[in-house]
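Subject: Structure for your review

Dear colleague,

Please find below the structure that I am handing over to you. My findings follow it, arranged by topic.

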Amino acid sequence: MIGTIVEMLSFSFMQRALLAGLFVAILAPLVGSFLVYRRMAFIGDTLAHVAFAGVAIGVYVQEVLGWSGVTPFLSALVVSALAALLIQFLSDRTGAYNDVSMAIVLSGGFALGTVVISLTGGIAVSISQYIFGSIATVSWQHVRIMALLTVLVGGVVAVSYKHLLYITFDESAARVARLDVDLQNSLLVVLTALVIVAAMQIMGVILVAAMLVVPVAAAGQIAPSFKASVIIAIVLAEISVFSGVTLSYTHDVAASGAIVLVAIGLYAAAAAADRYVA
């Protein structure tokens, strides 16, 4: 097994894929912990579908309009961030419950993506790699972006941790205490959009939401506190990524799918352990 891992890491593209995946394994549970405990896990799936629309727009701008400066990554980032703020606006201003506002944005984003794809003449390879993920296309530039985002998101969460924690478990009391709840909610959904767009080249927009939820759900089965849950979720996500990428190399299977299946297996094991101990 050690020999296989050494052989895998001798290839530059596998080094890039593993590093990027390990950064995703830090980012996703870090933000996903607040989403899961606020019962907002569905927002990951929503923004992933919107990111698909952003990618389609980027491809359309590049291939049809000829604007090379607008990349699918950049357009997905902008569209996802705007969609995250739109979800928060609909929830706060129109009286729609969170699941309703997310359902509206999800369906609208996916519909927009399908329309834009039809204008480009169908699903191109450049779009499909974002939908399903592709470890072979991860560049060192993408790894550097992931590292920068990990530092940025980690710093923001560290600075806002107490406020986010307060709002997560008692939003009404946070409002009474005159915390800027709307600002913190907007910050959380924008961070979620950043994580999804950053991770989609590894996981694909279809499976990226799973990394926001599954490791956190697994950690919640065995963690004694919220802080411990965050740490355990990150550890489980790291194990999932390393195991999934290794399985992808040794068995020639999709890395994104393997990562998610390992994460679900860890969730099942954690749930069984919790039940056995209880």
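How far apart do the end C-alpha atoms of residues 226–247 lie, and what percentage of the span is helix? The model is a predicted one, and in it these end C-alpha atoms are 31 Å apart, with the span being 100% helix and 0% strand. Residues 226–247 are among the stretches that the unreviewed UniProt entry annotates as "transmembrane region". The other stretches in that annotation are 42–61, 73–90, 110–133, 145–167, 187–214 and 253–273. For residues 253–273, the chain is 90% helix and 0% strand, and 29 Å separates the end C-alpha atoms.

Helix H7

Helix H7 comprises residues 140–169 and has a kink of about 70°, centred on Ser-160. Ser-160 is also one of the buried residues of this helix.

Salt bridges

The count of salt bridges comes to three. Together they link Arg-38, Glu-171, Arg-175 and Asp-182 in a network.

- Glu-171 and Arg-38 form a salt bridge in which the closest N and O atoms are 2.6 Å apart. This pair joins distant parts of the chain, since Glu-171 belongs to helix H8 while Arg-38 is in the loop between H2 and helix H3 (42–63), 133 residues apart.
- Glu-171 also meets Arg-175 in a salt bridge, at 3.2 Å from N to O. These two residues are about one helical turn apart, because four residues separate their positions in helix H8.
- Arg-175 has a further salt bridge with Asp-182, at 3.4 Å from N to O.

Arg-38 counts as buried because its relative accessible area is 16%, under the 20% cut-off. Glu-171 is partly exposed, at 26% relative accessibility. Asp-182 is likewise partly exposed, at 25%, and Arg-175 is partly exposed with a relative accessible area of 41%.

A nonpolar patch and a buried threonine

Leu-74, Val-78, Leu-82 and Leu-85 make a nonpolar surface patch of about 340 Å². Of these residues, Leu-74 lies in helix H4 and counts as partly exposed, because its relative accessibility is 40%. As a general point, an α-helix has 3.6 residues a turn, so residues three or four places apart point the same way.

Is Thr-192, in contrast, buried or exposed? Thr-192, which is found in helix H9, is buried, because its relative accessible area is 0%. Leaving aside neighbours within four places in sequence, Thr-192 is in contact with Val-31, Leu-35, Ile-43, Leu-47 and Leu-212.

Yours sincerely,
A colleague

Methods. Residues are numbered from 1 along each chain as its sequence is written. This is a predicted model: local features need pLDDT of at least 70, side-chain atom pairs count only at pLDDT 80 or more; totals for chains, interfaces and linings use all residues. Side-chain values use heavy atoms; hydrogens and water are left out. The bend at a residue is the angle between axes fitted to the seven residues ending there and the seven starting there. Buried means under 20% relative accessible area, exposed over 50%, partly exposed in between (1.4 Å probe, protein chains only). Patches are made of residues with over 30% relative accessible area and no salt bridge: like charges are joined within 9 Å, nonpolar side chains (Val, Leu, Ile, Met, Phe, Trp, Tyr) within 5 Å. Accessible areas come from the Shrake-Rupley method with a 1.4 Å probe; for residues, only the protein chains shown count as cover. A salt bridge is a side-chain nitrogen of Lys or Arg within 4 Å of a carboxyl oxygen of Asp or Glu. UniProt positions are given in the numbering used here, feature names are shortened, and annotations may be inferred rather than shown by experiment. Contact means heavy atoms within 4.5 Å.
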